[in-house]
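Good morning, colleagues. Please look at the model on the screen before I turn to its salt bridges.

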Amino acid sequence: KEELQELREEPIDPQVQQEIIDSIEEVYFSSDSFDIVKYELEKLPPVLNLQELEAYRDKLKQQQAAVSKKVADLILEKQPAYVKELERVTSLQTSLQLAAVICTNGRRHLNMAKEGFTQASLGLLANQRKRQLLVGLLKSLRTIKTLQRTDVRLSEMLEEEDYPGAIQLCLECQKAASTFKHYSCISELNSKLLDTLEQIEEQLDVALSKICKNFDVSHYTKVQQAYRLLGKTQTAMDQLHMHFTQAIHNTVFQVVLGYVELCAGNTDTKFQKLQYKDLCTHITSDSYIPCLTDLCKALWEVMLSYYQTMQWHEEHDQDEAETTSAVSDGNNVIGTEESSFDRSYVKKKLEHGLSRIWQDVQLKVKTYLLGTDLSSFKYDDFIFVLDIISRLMQVGEEFCGSKSEVLQESIRKQSVNYFKTYHRTHLEELRMFLENETWELCPVKSSFSILQLHEFKFLEQSRSPSVSPSKQLPSTLSAAATLFEQYCHGGNPFEIQADSKDDETEDVLASNGYESDEQEKSAYQEYDSDSDVPEELKRDYVDEETGDAPVKSVSRETLRSRKRSDYNLNKVNAPILTNTTLNVIRLVGKYMQMMNILKPIAFDVIHFMSQLFDYYLYAVYTFFGRNDMFESAGLGLSSSRLRTTLSRIQESLIDLEVSADPTGTLAAAEERKEKVPSPHLSHLVVLTSGSSLYGLAERVVATESL
């Protein structure tokens, strides 16, 4: 200890002292439980050396002395701070004693205050507070009672279709219920209100679906206000488009199903399980046109409702935008942006839905059109079908600007199929006319024009005297207004179609050449009879038309002479026509009507129309112009150009085979269907008699009529 004391008191250089401290092993600073003695003893070597031990002991003593001196220096360094902190502790003790005195005085003053107030005064204040609590409780109970009676009023409002009022009341009740949710009876009421709100949304969806077939402004306004209160404007628009799609499907299915069951004549429910495509194949020919008309009427109602829905949104969005801009301020900027976003979403959704709705309509009508073979239909019935589809395509173009490619393609297929059959039938009919033609003049007025025929009236509809001004009015209006504007407040564009089928003076059917057999006979009598022609000549003409023998016992030469004389005196400006010529002209008019309506197959129609002339030309030549002395090939032609033309007609149009070969190929049979046998001159026409100048009159009439 003395040595250690001497070392501690011995002056030492601070740098040397720090080096001695740094030389101490880290293990000495590890923890308080470190056993220094054990550590040093374990470090001793097996063989001890006294000098080394003394040197190591001196080193440890120096280290201990350096640490002791360092600690002493630190204590001396912190001595002023220790004194200062001791003074603070003394000051704190004095403050605590003062606080104790203050607390004692406060308790004494509180006891004096307690003794100064009476128990009655405090009781009065307590009663007043209780009264206020009871008044508030009474108000709450009255509100709860009103809430519990709300479901009755909500049911009444739903029956009245006051959806905005019902939702407003329900939301207010929910807000009030959340205020009194600490009452146990309110939890049950709150769940009932949630169920009522869901019921209102279901009824709203049903009310929204009614818009698809019968748009009502007040009804739709209520529905939109209700969805706006619910904050589901975009959801309502999505649901509306789903309802329109469903309405199209249900409408066409019910219309077709009704006609199928009506034609079936029983109440069998097997048709209800069929798909729409299969159901369309059960439509009979007699019910095809009425069903198509009703189908288009029903689809028109759906599209008109969609058009009126768009109009409603355009008007109300414009009014709402003006109102919002007039009262906008800094407090409702967010609400204005949300409202503007909703309007933009609704507008885009409605615009996109136009093409979608029309596409659904096209597909449904296409399925119906292709479900029945129209090749066996009468001409006027087929024209009526085309006219309905033409009007429907006009509706589609005004609805969404569509060219109706789906409808055009489906009607093109049906038209090509129908027209091939129609053309084949009339070629055979033309052959019959040619073989029964006596090549006499057809007595017509000098003012005769093909525009007077019903088949050509579509070319000059506005100048036709048979169309009354009342019938022309819809056509005039349609030029200035669209079909949707014209029939927005009532009526149906397809009702005119149905009515005009029984009225030859209707605009649409006249413009499309609709004509029944009775009308054709009337027109034929109108233009093919003349008061200047003797009655006996008229009767002879009628008899010759049917191919029967004349009823009067007058020679054919006398009749021809009288007819030629009558024609020369009174019919100088009249065209030279025969019964067959007039028939061909009528067919050309019908073909032109088909071209006017069916522009996609106009090339096919004009090709078939040219075959009518080709066949007439071929017949006239083979009857009156052939000269076998010039050529032995069969045509007897002296002109190379005429030879080429007639050879083409003979190869493409004339069936030269006498009978069909049952072993022939299918391709050959199909090719023969496109051809018609060569006509034969009527036995009533004599070309070998010198008294009739070898049929000079017949030859002139035939050539001039050509």
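Is Lys 232 buried, exposed or partly exposed? At 28% relative accessibility, Lys 232 counts as partly exposed; buried means under 20% relative accessible area, exposed over 50%, and partly exposed in between, with a 1.4 Å probe and protein chains only.

A word on the source: this is a predicted model, in which local features need pLDDT of at least 70, side-chain atom pairs count only at pLDDT 80 or more, and totals for chains, interfaces and linings use all residues. Residues are numbered from 1 along each chain as its sequence is written, and side-chain values use heavy atoms, with hydrogens and water left out.

Lys 232 forms a salt bridge with Glu 201, at 3.0 Å from N to O. By salt bridge I mean a side-chain nitrogen of Lys or Arg within 4 Å of a carboxyl oxygen of Asp or Glu. This pair links distant parts of the chain, 31 residues apart: Lys 232 is in the loop between α10 and α11, and Glu 201 is in helix α9. Helices here are DSSP runs of H or I, at least four residues, numbered from the N terminus. Glu 201 is also partly exposed, at 26%.

The whole structure holds eleven salt bridges. In helix α16 (residues 405-436), Glu 428 and Arg 424 lie four residues apart, about one turn, and their side chains meet at 2.9 Å, N to O. Glu 435 pairs with Arg 431, their closest N and O atoms being 3.2 Å apart. Arg 424, Glu 428, Arg 431 and Glu 435 are linked in a network of salt bridges.

Note on methods. Helix = DSSP H or I, 4+ residues; strand = E, 2+ residues; numbered from the N terminus.
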